Each structure stands twice: as C-alpha cells, then as structure tokens.
Amino acid sequence: MKTDPDCIFCKIVAGAIPCFKLYEDGETLAFMDINPVHDGHCLIIPKAHYPTLFVLPAEAFAAAGRTAIKVATAVNAALAPDGLNLVQSNGPGAAQSVPHFHLHVLPRRMGDGLAVNWQLKPGEHARIAETAERIRARI
Ligand code: 5GP
Ligand code: ZN
C-alpha cells in the first residue's frame, strides 16, 4: 500500500496520530475533522496515500464512495442537518491543505453562509468526541 511518512493522514491510518474514528474497512477510514465547519464535519480517506483525485485509482474512489454513503447517511440520521455536502479539493487554488485524497462530509444549516474555501478553526475536542459517538451509533 502506498504511504508517505510525512503525511498527516498516513500517520492517522498508521495509528501514530490519534483521531475520533467513525468507521474503517480494509481500504478506507472515516474520522472527525479536527477543525469542524459544523458539528458532524468528518472526512473519508482511502488508507493508501494518493495526493489528489488526478492520481487516484478508480477502485479507491469507489471504496471511498461506499464509505461516504454509509457515513453521510449516519450523519444525516444522527444530526438531522438541513442538508449535507460532499466536498473534495485538489490543489492550492481549491484550498486543499492535506495532500492525501479525502472527501469532506459537511452537514449544512439553512443560511449558514458557508463559502467553498472556508477558514480552518480548531474545534472543541469534547464536543467533537460527543458528536462522533452520536454518528457511530447510527452506522
Ligand atoms: P482540505 O483543506 O485539504 O480540503 O482538508 C483537510 C482537512 O483536514 C481540514 O478540514 C483539516 O481541518 C483536517 N485536518 C488537518 N489535520 C488534521 C488532523 O491531524 N486530524 C484531523 N482529524 N483532521 C485534520
Ligand atoms: Zn497520506
């Protein structure tokens, strides 16, 4: 499996950095975003290191897509947002900050005014952990 020792998401996959894990299978991992835009903001990654969509094998995209359906459905059931976006960014112009392919699962509220390139702001760990528990209960 492709991995990059300097990549923060590869370190999460390896267990070298902790995360609020939601789900994993052989190819993918889902965990809470540490700078959540809203409660329930989480990430889906292939376990293998592919920096962007442009180098991602179709099978890895399919595996991430399967996990995204599972986790987004759980977020929707647990938190009842007004809507939910899947966001995926490639390159600096698209505000990609971690070069390991990922899908953002972004619950939305009516009129939240979220722009596509949002600012990263640290979340409160206890609140993220509690939200993760609610989502896990629906997976
Ligand atoms: P991007 O900006 O590349 O689209 O998204 C990367 C996301 O990874 C950001 O939303 C950021 O908050 C999140 N992130 C960065 N470092 C960490 C980390 O160490 N742990 C977790 N859980 N999320 C992270
Ligand atoms: Zn990586």
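Which polar backbone atom is 3.1 Å from an oxygen atom of ligand 1? In this predicted model, that backbone atom belongs to Ala95. Such a pair is a polar contact, meaning N or O atoms within 3.5 Å of each other. Here are the polar contacts to look at:

| Residue and its polar atom | Atom of ligand 1 | Distance |
|---|---|---|
| Ile34, backbone | nitrogen | 3.4 Å |
| Ala95, backbone | oxygen | 3.1 Å |
| Ser97, side chain | oxygen | 2.6 Å |

Taken alone, ligand 1 exposes 520 Å², and the protein buries 90% of that (areas come from the Shrake-Rupley method with a 1.4 Å probe).

Now for the neighbours. Ligand 1 has 17 residues around it, and Met32, Asp33, Asn35, Ser97 and His104 come nearest (a residue counts as near if one of its heavy atoms lies within 4 Å). This shell divides into ten nonpolar residues, six polar ones and one charged; Gly counts as polar here, while Asp, Glu, Lys and Arg count as charged, and Ala, Val, Leu, Ile, Met, Phe, Trp, Tyr, Cys and Pro as nonpolar. Helix α1 (8-14) and strand β2 (28-32) each supply at least two residues of the shell, and α1 gives the most, with three.

Let's step back to the whole fold. The protein has three helices and five strands, in the order α-β-β-β-α-β-β-α along the sequence (DSSP runs of at least four residues for helices and at least two for strands). Its radius of gyration is 14 Å, close to the 14 Å from the globule rule for 139 residues, so the protein is as compact as a globular protein of that length (taken over C-alpha atoms; the rule is 2.2 Å times the number of residues to the power 0.38).

Residues are numbered from 1 along each chain as its sequence is written, with chains lettered from A and ligands numbered from 1 in the order in which they are written. Local features need pLDDT of at least 70, side-chain atom pairs count only at pLDDT 80 or more, and totals for chains, interfaces and linings use all residues, while side-chain values use heavy atoms, leaving out hydrogens and water.

How values were computed
A polar contact is a pair of N or O atoms within 3.5 Å; within protein, one must be able to donate a hydrogen and the other to accept it, and residues adjacent in sequence count only if both atoms are side-chain atoms.
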